[in-house]
Amino acid sequence: MPLAEIVRLERSGLGFRARNAVKGLAIILALLAVAGMIFGWWGLETVSGRRHFDEMAGMIPLFAGFGSIVLLLVAAVLFFLARR
């Protein structure tokens, strides 16, 4: 993006609103990631979770936990880029 376009967006206030929207998205993704990690921990580490997800069904909380870690990293990158 050319520098003149960036300056124009900053002066119009669109850049500020876009950064706030990306920050909000990053926060929502981070909260979803935390919820997924809690679900993964519950499914793998608690007695009731292991009873509910027995044998091969135990892959569901395992992959939910791994996916949540990736989602949290994406949220962190988005938040970092929105702050720049």
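## Buried residues

A residue counts as buried when its relative accessible area is under 20%. By that cut-off, 19% of the 84 residues of the protein chain are buried. The model is a predicted one.

The accessible surface of the chain comes to about 6,200 Å². Carbon and sulfur atoms hold 73% of that surface.

## Overall fold

The protein chain has four helices. It has zero strands. Along the sequence, the pattern reads α-α-α-α.

Now take the contacts between residues at least 6 apart in sequence. Of these, 60% join residues at least 24 apart.

## Helix α4

Helix α4 covers residues 59–83. How far apart are its end C-alpha atoms? They are 36 Å apart.

Five names make up the list of buried residues in α4: Pro61, Gly65, Ser68, Ala75 and Ala82.

## Serine 68

Serine 68 sits in helix α4. Is serine 68 buried or exposed? Its relative accessible area is 6%. The cut-off for buried is under 20%, so serine 68 is buried.

What does serine 68 reach with its side chain? It reaches the backbone oxygen of alanine 64, at 2.7 Å. Leaving aside residues up to four places away in sequence, serine 68 also touches Ala33, Gly36 and Met37.

Notes:
Residues are numbered from 1 along each chain as its sequence is written. This is a predicted model: local features need pLDDT of at least 70, side-chain atom pairs count only at pLDDT 80 or more; totals for chains, interfaces and linings use all residues. Side-chain values use heavy atoms; hydrogens and water are left out. Helices (H or I, at least four residues) and strands (E, at least two) are DSSP runs, numbered from the N terminus. Buried means under 20% relative accessible area, exposed over 50%, partly exposed in between (1.4 Å probe, protein chains only). Contact means heavy atoms within 4.5 Å. Accessible areas come from the Shrake-Rupley method with a 1.4 Å probe; for residues, only the protein chains shown count as cover. A polar contact is a pair of N or O atoms within 3.5 Å; within protein, one must be able to donate a hydrogen and the other to accept it, and residues adjacent in sequence count only if both atoms are side-chain atoms. The expected span of a helix is 1.5 Å times one less than its number of residues.
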